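Reader: Could you walk me through this one? I'd like to go contact by contact, with the cut-offs spelled out as we go.

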Amino acid sequence: LVKRNREIVLRNLPVLDSLFRQRSDLFEWVKPDASPIGFARYKPQRDVLSFCQDVVNNTGVLLLPGTVYDEPRHIRFGYGRKNMPEALAQFSAYLSAHSGFGVTAG
């Protein structure tokens, strides 16, 4: 079980890292060294909780707002699930479709 989960995490982390490199206009990200979760700073001046709620309502992708951890400008991303590449594809499509509606910075 540990080996299986480690393989999933090691496969997903580069996918998540790539998304954050491509969307550096929206997120500031420091890749974790040893964890299946990471926190990205959300750059736009939009309420993170409402952003996360909008994402789940429109895509079914669940993001945990940093307000749960007293980090109101951050979003928690877990990457230990097998379906993460599909979830990130949906999330990326959401970001592209909603640019200009308060999703992008500037």
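Reader: Is aspartate 54 buried, partly exposed or exposed?

Author: Aspartate 54 counts as partly exposed because its relative accessible area is 24%, where buried means under 20%, exposed over 50% and partly exposed in between, with a 1.4 Å probe and protein chains only. This is a predicted model, in which local features need pLDDT of at least 70, side-chain atom pairs count only at pLDDT 80 or more, and totals for chains, interfaces and linings use all residues. Residues are numbered from 1 along each chain as its sequence is written, and side-chain values use heavy atoms, with hydrogens and water left out.

Reader: Which residue does aspartate 54 form a salt bridge with?

Author: The partner of aspartate 54 is arginine 46, with the closest N and O atoms 4.0 Å apart; a salt bridge here is a side-chain nitrogen of Lys or Arg within 4 Å of a carboxyl oxygen of Asp or Glu.

Reader: And how many salt bridges in the whole structure?

Author: The search finds 4. Another of them joins arginine 21 to aspartate 17, with the closest N and O atoms 2.7 Å apart, and both residues lie in helix α1 (residues 2-22), 4 residues apart, or about one turn of the helix. Helices here are DSSP runs of H or I with at least four residues, strands are runs of E with at least two, and both are numbered from the N terminus.

Reader: Is arginine 21 buried or exposed?

Author: Arginine 21 is exposed, because its relative accessible area is 55%, whereas aspartate 17 counts as buried at 13%.

Reader: Switching to aromatics, what is the geometry of phenylalanine 39 and tyrosine 69?

Author: There are 11 aromatic pairs in the structure, a pair being rings of Phe, Tyr or Trp (its six-membered ring) with centres within 6.5 Å, stacked if the planes are under 30 degrees apart, edge-to-face if over 60 and tilted for the rest. The rings of phenylalanine 39 and tyrosine 69 have centres 5.1 Å apart and planes at 85°, so this pair is edge-to-face. The pair links distant parts of the chain, with phenylalanine 39 in strand β2 (residues 37-42) and tyrosine 69 in the loop between β3 (64-65) and β4, 30 residues apart.

Reader: What about tyrosine 42 and phenylalanine 51?

Author: That pair is stacked, because the ring centres are 4.4 Å apart and the planes lie at 20°. Tyrosine 42 counts as buried at 0% relative accessibility, and phenylalanine 51 is likewise buried, at 0%. Tyr42 and Phe51 also belong to one aromatic cluster, whose members include Phe20, Trp29 and Tyr94.
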